[in-house]
Amino acid sequence: MSDHNDRLKRAVASGNIPVVTLDNKWHKIWTMIEKPGEVKKLEEKLNDLLRKQGRITTEMKDIKKLKKKMMDEIVVLMDDKESDSIGKVEENKRLIEECNEKLQKNEEDLGDIPKEIDELNRDIMEITAELIYDVMHKNEKEIGELAEWISGIRVELKKNVIRKQEMEIQNGVMYSYMHDVFGPDVVDMFDMQYNPMEKILKLKAIKDEKKEAEKKKAQEQEERLKTAAATMIMDNNNSEK
């Protein structure tokens, strides 16, 4: 047995494990990965036990409630010597005895169900934990590979963006020269689909806009610093007064 398997088994055996089939987070796991057939069978068995436990527990509560009602009635009727009351007391005693018998049978039916539920729940949790461990480690490996690929693509993308801009500038310079020599017809002469100078002008406009934004940001920051400094000086003067 591997070390991580041993650790998982110990954790499942000693931990306070909630009933998995009543846990929405447990069900959400199986919307992301396929649920094994073994887990489906154990899940169905666990749900059957839970339903049986619930039915018996509810029935016992109802019987205890009825028993209490009968006992309360006996207390009230004990002081009444009329024959009808005496008959009612005897009938209630009989019903109480039936309640006791039913409660005893329910306790026998309940038997080891709570223990069976706990053991089955831990079996399911152990399989779930093993599967989650495997999936997470597989994902972790792929995440690392994808991160490395993304990093490489970013470098390649940056290089290609620079190369593209350089070729656009190159075409713009050449076009400008040919335009000076041959005039506007140069577009048709060289089968140009666009005016390369427009690309250069757009690049220049973007750079100018970026530069202007950075300049404005720097000015705003400088103004904030001046305002903060002026406020500090005023506060100091006021405190000295």
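**Note on the predicted model**

1. Confidence. This is a predicted model. Mean pLDDT for the chain is 83, with 87% of residues at 70 or more. By element, helix H2 (residues 24-29) has the highest mean, 93. Helix H6 (residues 186-189) has the lowest, 66.

2. Helix H5. H5 spans residues 113-182. Its 70 residues reach 96 Å from first C-alpha to last. That is close to the 104 Å expected at 1.5 Å a residue. Glycine 183 follows H5, and its phi is positive, near 85 degrees.

3. Nonpolar patch. Leu146, Trp149, Ile150, Ile153, Leu157 and Val161 form a nonpolar patch on the surface. Together they have about 570 Å² of accessible area. Leucine 146 is found in H5.

4. Negative patch. H5 supplies the largest share of the negative patch, three residues. Glutamate 38 sits in helix H3 (residues 37-77).

5. Salt bridges. The whole structure has seven salt bridges. One case to look at is in helix H4 (residues 83-110), which holds both glutamate 91 and arginine 94. Their side chains meet in a salt bridge, 2.6 Å from N to O. Side chains of opposite charge can pair when their charged atoms come close. Glutamate 91 and arginine 94 are three residues apart, about one turn of the helix. An α-helix has 3.6 residues a turn, so residues three or four places apart point the same way.

Definitions and conventions:
Residues numbered from 1 in each chain as written. Predicted model: local features only at pLDDT ≥ 70, side-chain atom pairs only at ≥ 80, totals over all residues. Heavy atoms only, no water. Helix = DSSP H or I, 4+ residues; strand = E, 2+ residues; numbered from the N terminus. Expected span 1.5 Å × (residues − 1). pLDDT = per-residue confidence, 0-100. Patch = residues over 30% accessible without salt bridge, like charges linked within 9 Å, V, L, I, M, F, W, Y side chains within 5 Å. Areas by Shrake-Rupley, 256 points an atom, 1.4 Å probe, with all protein chains shown as cover. Salt bridge = Lys/Arg side-chain N within 4 Å of Asp/Glu carboxyl O.
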